[in-house]
Amino acid sequence: CGGCTASCSAGGFTDFNIRRMHTSFQRGQYEGLDDKLRNCMLCGKCLLVCPRGVNLRSLIINMRRILAGVDVVTWRPPREDRIEKQLAKQSEKNKRI
């Protein structure tokens, strides 16, 4: 519908157009796309106006990761419980030494 593009703060100051960039990404036209994606401030206005509830912030972050060469499918953000488990394992190893 274009609500995301119309409400975008970055679009008011740059040539940022998430619909156009997503189409280019889907077509495999990656040249210059990473620089344009950096214009997004991740403010979330697009999330507020989307009638379908599309999480464009997540989409932009994942497109940035893919363009940077990160495997988005297997990548998991660090969680508190995982970090605590790692710290506990490390402290056990240190006690044995």
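Helices (H or I, at least four residues) and strands (E, at least two) are DSSP runs, numbered from the N terminus. This is a predicted model, in which local features need pLDDT of at least 70, side-chain atom pairs count only at pLDDT 80 or more, and totals for chains, interfaces and linings use all residues. Residues are numbered from 1 along each chain as its sequence is written, and side-chain values use heavy atoms, with hydrogens and water left out.

View 1. Let's start with α6, which runs over residues 56-67 and has 12 residues. From its first C-alpha to its last it reaches 16 Å, close to the 16 Å expected at 1.5 Å a residue (the expected span is 1.5 Å times one less than the number of residues). Gly69 follows α6 and has a positive phi, near 90°.

**View 2. The buried residues of α6.** Look for Leu56, Ile60 and Met63, which are buried in α6 (buried means under 20% relative accessible area, exposed over 50%, partly exposed in between, with a 1.4 Å probe and protein chains only). These residues lie on the same side of α6, because they cover an arc of only 65° around the axis (the arc is that of the directions from the helix axis to the C-beta atoms). The buried residues of α6 pack against α1 (3-7), α3 (18-26), α4 (33-37) and α5 (45-49), where contact means heavy atoms within 4.5 Å.

View 3. A disulfide is counted when a pair of cysteine sulfur atoms lies within 2.5 Å, and the count here is zero. For Cys1, which is in no disulfide, the nearest cysteine sulfur is that of Cys50, 6.5 Å away. Cys4 is in no disulfide either, and its nearest cysteine sulfur, that of Cys1, is 6.6 Å away. Cys1 counts as exposed, at 84% relative accessibility, whereas Cys4 is buried, at 15% relative accessible area.
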